[in-house]
Amino acid sequence: MIPVLIQRRRGTTSPAHPATPRMRNDTATTVENKSKADTAIAPAAPVRDQADASARRPQVVIIGAGFGGLSAAHALRHAPVDVTVVDKRNYHLFQPLLYQVATAGLSPAQIASPIRGILRKQRNATVLMAKVTGIDKAAKVVLAGDQRVPYDHLILATGARHAYFGHDEWEPFAPGLKKIEDATDIRRRILIAFEKAETETNPAERERLLTFVVIGGGPTGVEIVGAIAELAKTALARDFRNIDPRLARIILVEAGPRILPTFRESLSAAAERGLVRLGAEVRTGTPVTAVADDHVMVGAERIETRTVLWAAGVAASPAAKWLGAAKDKAGRVIVNADLTLPGHPEIFVIGDTAAMKDTNGQQVPGIAPAAKQAGAYAAAVITARVKGRDFPGPFRYRHAGNLATIGRKSAVVDFGWLRLRGNPAWWLWGFAHIFFLIGFRNRITVALDWFWSYLTFQRGSRLITGGGPDD
Ligand SMILES: Cc1cc2nc3c(=O)[nH]c(=O)nc-3n(C[C@H](O)[C@H](O)[C@H](O)COP(=O)(O)OP(=O)(O)OC[C@H]3O[C@@H](n4cnc5c(N)ncnc54)[C@H](O)[C@@H]3O)c2cc1C
């Protein structure tokens, strides 16, 4: 296929070209919808484009419209640059609430927002839906299938995916949670296990179906276990005739000595007690050694189960491969103190896909606030450069704190200066998540759904979709 060079028309308000048409949807312009005359086939650019070159504003390409990428785009809204945000999906996903989709508490649309809608009012931003497959550093071009997107400054924010510590063969039996499709698949697996148990006559198999194992005791694992326990003990409790969902076993397995290792020990212990109160079992200090269709090995113990969920490890996106760059053990690109790629001051790598270090040399955690701060920082460096201002100094990370919920009316919050547990922590957790959700509609519907669940103990999204019994 002939590569298509995406050429930006924004900023072509040079008096030399007063007749240059401004597209109707010039705000957050749809690249695919542009007329053919508005894109050029490489390598020869139209004469008018060559003449425009000196007048064209610096092109900033941001790959990934997650927390880091969107934060960078937003921080560049007043900068004298043109921004192209490239993402393989058409929506931004609020990953911290994915587990609620996986456990039938929320529906996918409540935690996702269309990227074009988010950037609609940002006049210097264009959205391109395309999967990036490589970067030509010498030509300063992003490769996305047959499209080539030129850049002056590049911000790479393509996040992470789950990793199985060298045991990729476990993935079919222990799906991880990273995408909407993962969440709906996990929801299907959980709900189908109850449906099958209802008609199962073999007691051993019924028990296997009603045993759920979650591997990984970080915030995601803790939140999934709490939510499955609630689903089984309250929402589903009276909906079946042959089984009692309250008898379901929900087991959290953590290889390290305690769950929530990034929290203070007292809060980890409180979280463990909270899970046990919900009827879950917590196994710490023993790694999983095998995962199969019908069991999990935790050390020497064999746990019979049909549903295993993975919340244990992540690996960065293939950004290091695209860049031919050095990476750490988790595949994250090693970056300079200003988050640029060594030898390439025009390329920034941020968020989960970068091994970012704070000014004190500490590794910056792979969490949403860190990605957002890195995005805003990269935008500040670019703005300083194009405006000829002083370099803002190396990236400084400000850690706001850790939050994790343990089911209904229970959470732990560790802000350093403030530590909360139980009901007050749960309210704070809820408000924080609603506040940071993108989109007014999402905030309202999530708040209403949570309020409804709070009053009725019901979970509104108990749909088995995709790969169900009819497929
Ligand atoms: C289940 C779960 C729960 C979490 N809970 C919390 C929490 O409670 N609190 C917290 O702070 N953090 C939480 N995190 C971590 C947080 O979501 C991440 O740290 C954050 O999303 C990182 O932001 P990012 O911009 O680096 O990447 P992401 O937000 O992952 O965004 C990456 C973007 O890049 C796009 N992309 C990837 N590859 C390509 C490609 N080849 N071409 C084009 N586009 C591409 C993706 O579509 C995506 O939009 C959680 C993560 C998960 C998975």
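These questions and answers go through a predicted model.

Me: Why is A104 called buried?
Reply: The cut-off for buried is 20 or more other C-beta atoms within 10 Å. A104 has 24 C-beta neighbours inside 10 Å, so A104 counts as buried. A104 is found in the loop between α3 and β7.

Me: What makes the phi of A104 worth a remark?
Reply: Phi of A104 is near 70°, a positive value, and A104 is not a glycine. Most residues other than glycine have a negative phi.

Me: How do you know whether L260 is buried or exposed?
Reply: Buried takes 20 or more other C-beta atoms within 10 Å, and exposed takes 12 or fewer. L260 has 25 within 10 Å, so L260 is buried. L260 sits in the loop between β15 and α8, and also has a positive phi, of about 45°.

Me: Why is α7 called mostly covered?
Reply: Of the 17 residues of α7, 16 are buried.

Me: What makes you say that the ligand lies between domain 1 and domain 2?
Reply: Both domains give residues to the shell around the ligand, so the ligand lies between them. In total 33 residues surround the ligand, with G64, G66, G68, G159 and G351 the closest. Among the elements that each supply at least two residues of this shell are α2, β5 and α7.

Definitions and conventions: Residues numbered from 1 in each chain as written. Predicted model: local features only at pLDDT ≥ 70, side-chain atom pairs only at ≥ 80, totals over all residues. Near = placed C-beta within 6 Å. Helix = DSSP H or I, 4+ residues; strand = E, 2+ residues; numbered from the N terminus. Domains from an automatic or database assignment.
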